[in-house]
Amino acid sequence: GSEKSSKPVRGGPQQVVFLRSVSKTPGLQTLRGAERSLVHGLDELERAQANAKVKETASTRIFHHSLEELEDVTPEEVAEQFKSTMEILKSRHATRLLKLNVDEIETKVRLATTDEDGNQIVIPVRLVASSMEGEWLKTTAYIEHPDPTTGMTRQFCVLGDDDSQMCILDPYETSNTIQTKRSIARRVGSTYAYDFLGLLE
């Protein structure tokens, strides 16, 4: 789709291709499982970009929801594992990620645990690798806090120290100045400077 804006955007509104998938397959948290899922996603994006309606400069974003409930693991451990896994996947698949204009990769996982009273609960955790703030596919983890009645998510809280934890209503940003500059660079067949820094890391 194309983003709607009340202000004129240089080069026209940013086009975004979304890829969403749901899986019950176990092992997504392993490097092998994560790489398999990413490769499948990149294959689907290649098919989507073959469509004449999709611009070469279109931003692409991958969302994967894993229904498997992970046990004996904390949100902090999952977030750290996601960060290290993404570093490896970025180095292995950098060429395809840049070619397909992947600006965001998000995985939602479910952690099975118990509360203070010993009751079984499930903690939804969103693991996001995003270029929206500049740095190429920078990783962030959010804990979802759903409404106990409706089940709808009320807020997303950034995983970190309690003193620095920040909660937001919606973790999805529209295109900003950085994304506009990134799109312009893609239009002339180049790579945005921030993305080069991510490759060097």
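Start with helix α1. At 1.5 Å a residue, its 19 residues should span 27 Å. The end C-alpha atoms of α1 are 27 Å apart, so expectation and model agree. The model is a predicted one. Helix α1 covers residues 31-49 and has the highest mean pLDDT among the elements of the chain, at 95. Where pLDDT is low, the predicted coordinates should not be read in detail. For the chain, the mean pLDDT is 82, and 75% of the residues reach 70 or more.

The chain has four helices and seven strands. Along the sequence they follow the pattern β-α-β-α-β-β-β-β-β-α-α. The strands form an open sheet with the order β1-β2-β3-β4-β5-β6-β7 and mixed pairing. Its edges are β1 (16-23) and β7 (167-168). Each edge strand has a single partner, so one side of each lacks a neighbour in the sheet. Helix α1 packs on this sheet, touching β1, β2 (59-70) and β3 (102-114). The direction of α1 makes about 145° with that of β2.

Which residues of α1 are buried? They are Gly33, Ala34, Glu35, Leu38, Gly41, Leu42 and Leu45. An α-helix has 3.6 residues a turn, so residues three or four places apart point the same way. The cover over the buried residues of α1 includes β1, β2, β3 and α2 (75-99).

Turn to the strands. Strands of a sheet pair through backbone hydrogen bonds, either parallel or antiparallel. Strands β1 and β2 run parallel, joined by eight bridges. Within this pairing, phenylalanine 18 stands opposite arginine 61 in β2. Strand β2 is largely enclosed by the rest of the structure, because nine of its 12 residues are buried. Further along the sheet, β5 (residues 138-146) and β6 (residues 153-158) run antiparallel. Five bridges join β5 to β6. Glutamate 144 has phenylalanine 156, in β6, as its bridge partner.

Last, the chain as a whole. Of its 201 residues, 40% are buried. Take the contacts with a separation of 6 or more: 62% of them join residues 24 or more positions apart. The accessible surface comes to about 12,100 Å². Carbon and sulfur atoms account for 51% of that surface.

Terms used:
Residues are numbered from 1 along each chain as its sequence is written. This is a predicted model: local features need pLDDT of at least 70, side-chain atom pairs count only at pLDDT 80 or more; totals for chains, interfaces and linings use all residues. Side-chain values use heavy atoms; hydrogens and water are left out. pLDDT is the predictor's confidence in each residue, from 0 to 100. Helices (H or I, at least four residues) and strands (E, at least two) are DSSP runs, numbered from the N terminus. Two strands pair if DSSP finds at least two bridges between them. Contact means heavy atoms within 4.5 Å. Axes are lines fitted to C-alpha atoms, for helices over the stretch in contact, and angles run from 0 to 180 degrees between N-to-C directions. Buried means under 20% relative accessible area, exposed over 50%, partly exposed in between (1.4 Å probe, protein chains only). Accessible areas come from the Shrake-Rupley method with a 1.4 Å probe; for residues, only the protein chains shown count as cover. The expected span of a helix is 1.5 Å times one less than its number of residues.
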